[in-house]
Amino acid sequence: MNPDLPILVLLGAVSIASALGLLLSRNAIYAALFLVLNFGVGAVIYLLLNAPFIAVVQVSVYAGAIMVLFVFVIMLLGAERLSPGENPPGTSFQRPLAIALSGLLMGLAIYVLFARQPPAVAAPPPDSSPLAVGLSLFGPYVFPFEVVSVLLLVAMVGAVVLTRNR
Amino acid sequence: MDSTTFVVLLSSVLFIIGVLGVLLRRSALLIFMSVELMLNAANLAFVAYAHRWAQLDGQIFVFFVMAVAAAEVAVGLALIVTIFRTKRSTNVDDLAALRG
């Protein structure tokens, strides 16, 4: 299945608009909801790119679990209103410099993308069903998979230890 | 322009917006969300090239990136909650205790 470019352009416009909304919003809850929209659009792009398993995981883990955690913490802290604030003394040059360097990075990315076009391949798309992904996870990638389980355990213990009342 | 090039271009634009969010915003929560945006942009490039080269391995890597992002969010939000308890603020400019 070859995804249609017009649909991708439309999805890309929504994706960039929601990312800009995250960048510019003055309320942390709005920013979190923009990010949920961005992740949802990302899931649709994954579906177009023949990755149904990743699309569902994106919705359930990213747009579901991670963003619920974000919204929960924002409301728990009552920190949704973000003040613009003023620059600490001696750092007023940093914001224009950050924008200029980010523009430079963008230019470099575009240059590398268009200067080094990979050759066309005519391979058939792989079987990317959840069954194939699972067989790959528990076959050649079983050791990283187990390492990830230890990592999640460490993160869980770390979160409990950090937020415990002393 | 073929669809892979477009998706990777979209991925780099989203990554740059994430970089700008980390560099320009002052709230630790907003910075953290921008990091998530950057991780998501990297995932988009992974899936685009997995589709391009007709390989499943890119999708497996996206799965691992998501697991690491989940772990990072758990620990990072715990850190933000702990900092908020002592400083009553999520503004990173207020976190100057280590200034030499």
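Analyst: Happy to! Helices are DSSP runs of H or I with at least four residues and strands are runs of E with at least two, both numbered from the N terminus. By that count chain A has six helices and zero strands, in the order α-α-α-α-α-α. This is a predicted model, in which local features need pLDDT of at least 70 and side-chain atom pairs pLDDT 80 or more, while totals for chains, interfaces and linings use all residues. Residues are numbered from 1 along each chain as its sequence is written, chains are lettered from A and ligands numbered from 1 in the order written, and side-chain values use heavy atoms, leaving out hydrogens and water.

Let us zoom in on B:Asp2, which sits in the segment before α1 (3–24) of chain B. B:Asp2 counts as partly exposed because its relative accessibility is 36% (buried is under 20%, exposed over 50%, partly exposed in between, with a 1.4 Å probe and protein chains only). Setting aside neighbours within four places in sequence, B:Asp2 contacts A:Leu5 and B:Arg52, where contact means heavy atoms within 4.5 Å. B:Ala45 lies 43 residues away from B:Asp2 in sequence, with 14 Å between their C-alpha atoms.

Chain B holds three helices and zero strands. Its radius of gyration is 17 Å, well over the 13 Å of the globule rule for 100 residues, so chain B is more spread out than a compact globule (the radius is taken over C-alpha atoms, and the rule is 2.2 Å times the number of residues to the power 0.38). Along the principal axes, the C-alpha atoms of chain B fill a box of roughly 50 × 25 × 20 Å. Of its 100 residues, 64% are buried. For contacts in chain B between residues at least 6 apart in sequence, 55% link residues at least 24 apart.

A:Leu5, one of the contacts of B:Asp2, takes us back to chain A. The C-alpha trace of chain A spans about 55 × 45 × 25 Å along its principal axes, and 33% of the 166 residues are buried. Of the contacts in chain A between residues at least 6 apart in sequence, 63% join residues at least 24 apart.
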